[in-house]
Amino acid sequence: MMQIVFKNHQLKGSCIELVTIVCASLCLIYCVYAVIKSNHDIKQGHYGNYAQNVVTLGVLFTFIGVSISLYNFDVKNIDQSIGVFLEGMKLAFLTSIIGMVAGLIIKFLQRKHMDYASDQTSSFY
């Protein structure tokens with residue numbers, strides 16, 4: 001495996017911070033798309049796996065964040081490593097929260113539509 005060695009800790013931290021921003025943004029963009037798309041599909045009577053997909057994506061980015069944290073942590077130089085470690089953990093927790101919130105919103109929309117459809121059916125009989 002190829003490893004990029006940074007001579008300057010500031011540069012290393014900046015790169016990790018950029019990765020955090022990009023990954024969290026990708027996760028957020030997909031989750032917003034999934035909520036909008038699932039809401040449209042629900043109105044058409046189709047229930048997809050959007051809730052499961054956004055939670056899975058959040059978990060995937062969680063593992064990426066934890067991996068970044070652990071891969072860049074140097075036990076021989078804890079003072080220098082802690083900043084990079086925390087950046088990776090930010091990514092881990094932020095993307096988990098984004099995925100779980102999006103999943104809950106989608107589940108809420110699905111439940112709301114199912115309750116509405118059930119009320120419509122019961123009032124018909």
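Is Met100 buried, partly exposed or exposed, and at what relative accessibility? I looked it up: Met100 counts as partly exposed because its relative accessibility is 47% (buried is under 20% relative accessible area, exposed over 50%, partly exposed in between; 1.4 Å probe, protein chains only).

I noted the basis before going on. This is a predicted model, in which local features need pLDDT of at least 70 and side-chain atom pairs count only at pLDDT 80 or more, while totals for chains, interfaces and linings use all residues. Residues are numbered from 1 along each chain as its sequence is written, and side-chain values use heavy atoms, leaving out hydrogens and water.

Confidence came next. The chain has a mean pLDDT of 81, with 82% of its residues at 70 or more (pLDDT is the predictor's confidence in each residue, from 0 to 100). Over residues 1-7 the pLDDT is below 50, and this stretch has six contacts in the model beyond near neighbours in sequence (contact means heavy atoms within 4.5 Å). Where pLDDT is low, the predicted coordinates should not be read in detail.

I then turned to Glu87. Glu87 lies in helix α3, residues 78-124 (helices are DSSP runs of H or I, at least four residues, numbered from the N terminus). Glu87 counts as buried because its relative accessibility is 10%. Leaving aside neighbours within four places in sequence, I found Glu87 in contact with Ile16, Glu17 and Thr20.

Last, I returned to Met100, which is also found in helix α3.

Technical notes. Helices (H or I, at least four residues) and strands (E, at least two) are DSSP runs, numbered from the N terminus.
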